[in-house]
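Please consult the sequence and the coordinates alongside the points below.

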Amino acid sequence: MRKNWIPLLLALGGGAVGFGLRKWQLATGFEPGTGLAVPGAPSALALAAWAVIVALAVVALCWPIQDQMAWDRAFSAGRQSTVMVTALVLAAALLLVAGVIEAMDLPAVMAAQAALTVSESPIARGASLALPPLRIFLSIASAPCLFFWGKSIYNVGEKGKENLGLLVVCLLYCVWLISDYQRRAADPVIWDYVYEVLAIVFTLMGLYYISGYSFQIGKPRRTLFFCLMGSFFSLVNLADPHSLADLFRGGASALFLATHAALILEQPPAPIQPAELETEADDHA
């Protein structure tokens, strides 16, 4: 096993363990009658401790990585990579399917949204009712954006620079976060939804840092941290009961972030600068 794959394997393996711990928490960490969290439940403490351990390990493993990197170098491992492009096309397909499924269930989704906003002002109510159609539109629109983003990495050309496609995906996760907060705000049991919120937030931050490579010199350490932890929390969150659309979106998050983490971890050695070449020539003279 190559050493540079250790952070990714840690995040994915840790996410699988976290998935099991979350299932344990859902089975034993809540009171059957009231649904309230059991104070000091071993399952809840074990999962929280495991998340902290994985986060600290990811930070330690990613710290030696170069702090700044240009777009064409950061994703150069994706050049002509069928594995990478297949993974990104699959992530795009998952978002597309999530949007289609939610569109097919739109009347029920709108009814549930209307129930949440019954006491709001007309303006706030109208804005809230616009969230489900906007979420559907952005899920479907994100699919071609991911496809063309993957194509630009596959070719590693200039088209990846100033690429606005990922901003559409960022907007999707912003809308999903707002929708989720609105749905969960009245729930006093934070343990019910904390890992769902963490999954969306870390995915959004991962998308933010990935898209940043198109407009400026990227920050590999921060990108890796949010991609790896976003994958971790997305896997943990899959243990919760969700709508089918949210499950597909969560799967797309884990796959997209893990793919980009793999590309950055697989980066080639830094090119030797002219000054270094001259030094080496003098040493061998």
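The points below cover helix packing, cysteines, pockets, cavities and one proline.

The model is predicted; local features need pLDDT of at least 70, side-chain atom pairs count only at pLDDT 80 or more, and totals for chains, interfaces and linings use all residues. Residues are numbered from 1 along each chain as its sequence is written, and side-chain values use heavy atoms, with hydrogens and water left out. The largest pocket holds about 410 Å³ of space, and a search of the whole structure finds 2 cavities of 30 Å³ or more. The count of disulfides comes to 0.

**Helix packing**

- Helices and strands are DSSP runs (H or I of at least four residues for helices, E of at least two for strands), numbered from the N terminus.
- Two packed helices are described by the angle between their axes and the distance between the axes.
- Helix H4 (residues 82–104) and helix H7 (residues 131–155) have axes that come within 7 Å and cross at roughly 170°. H4 is therefore roughly antiparallel to H7.
- The contact of H4 with H7 comprises, by class, 18 nonpolar, 5 polar and 2 charged residues.
- Axes are lines fitted to C-alpha atoms, for helices over the stretch in contact, and angles run from 0 to 180 degrees between N-to-C directions. Angles under 35 degrees count as roughly parallel, over 145 as roughly antiparallel, 65 to 115 as roughly perpendicular and the rest as oblique.
- In the residue classes, Ala, Val, Leu, Ile, Met, Phe, Trp, Tyr, Cys and Pro count as nonpolar, Asp, Glu, Lys and Arg as charged, and the others, Gly among them, as polar.

**Cysteines**

- A disulfide is a pair of cysteine sulfur atoms within 2.5 Å.
- The closest cysteine sulfur to that of cysteine 62 belongs to cysteine 227, at 9.8 Å, which is too far for a bond. Cysteine 62 counts as buried because its relative accessibility is 4%; buried means under 20% relative accessible area, exposed over 50%, and partly exposed in between (1.4 Å probe, protein chains only).
- Cysteine 170 takes part in no disulfide, and the nearest cysteine sulfur, in cysteine 174, is 6.8 Å away. Cysteine 170 is also classed as buried, at 11% relative accessibility.

**Pockets**

- On a 1 Å grid over the protein atoms alone, a pocket is an open set of points with protein on both sides within 12 Å along at least five of seven lines, whereas a cavity is a set of points where a 1.4 Å probe fits but cannot get out; lining residues have an atom within 4 Å of a point. Grid points are joined across faces, edges and corners, and a volume is the space filled by probe spheres set on the points.
- The largest pocket, of about 410 Å³, is lined by 20 residues, of which Glu102, Arg135, Arg183, Ser243 and Asp246 are the closest to its centre.
- Two or more residues of the lining of the largest pocket come from each of H4, helix H5 (106–116), helix H8 (165–184) and helix H11 (244–265). H8 gives the most, with 5 residues.
- By class, this lining has 8 nonpolar, 4 polar and 8 charged residues.
- The second largest pocket contains about 220 Å³ of space, and its lining includes Trp5, Met84, Leu255 and Glu266.
- H4 and H11 each supply at least two residues of the lining of the second largest pocket, and H11 provides the largest share, 5 residues. The lining divides into 9 nonpolar, 2 polar and 1 charged.

- The largest cavity has a volume of about 50 Å³, and its lining residues include Leu95, Leu146, Tyr173, Thr203 and Phe256.
- H8, helix H9 (194–212) and H11 each give two or more residues to the lining of the largest cavity; H11 gives the most, with 3 residues. The lining has 7 nonpolar, 2 polar and no charged residues.
- The second largest cavity has a volume of about 40 Å³, and among the residues that line it are Trp176, Thr203, Asn237 and Ser253.
- H9, helix H10 (220–237) and H11 each supply at least two residues of the lining of the second largest cavity, with the largest share, 3 residues, coming from H9. The lining divides into 3 nonpolar, 5 polar and no charged.

**Proline 7**

- Proline 7 lies in helix H1 (residues 6–28) and is buried, with a relative accessible area of 4%.
- The C-alpha atom of proline 7 is separated by 6.0 Å from that of valine 58, 51 residues apart along the chain.
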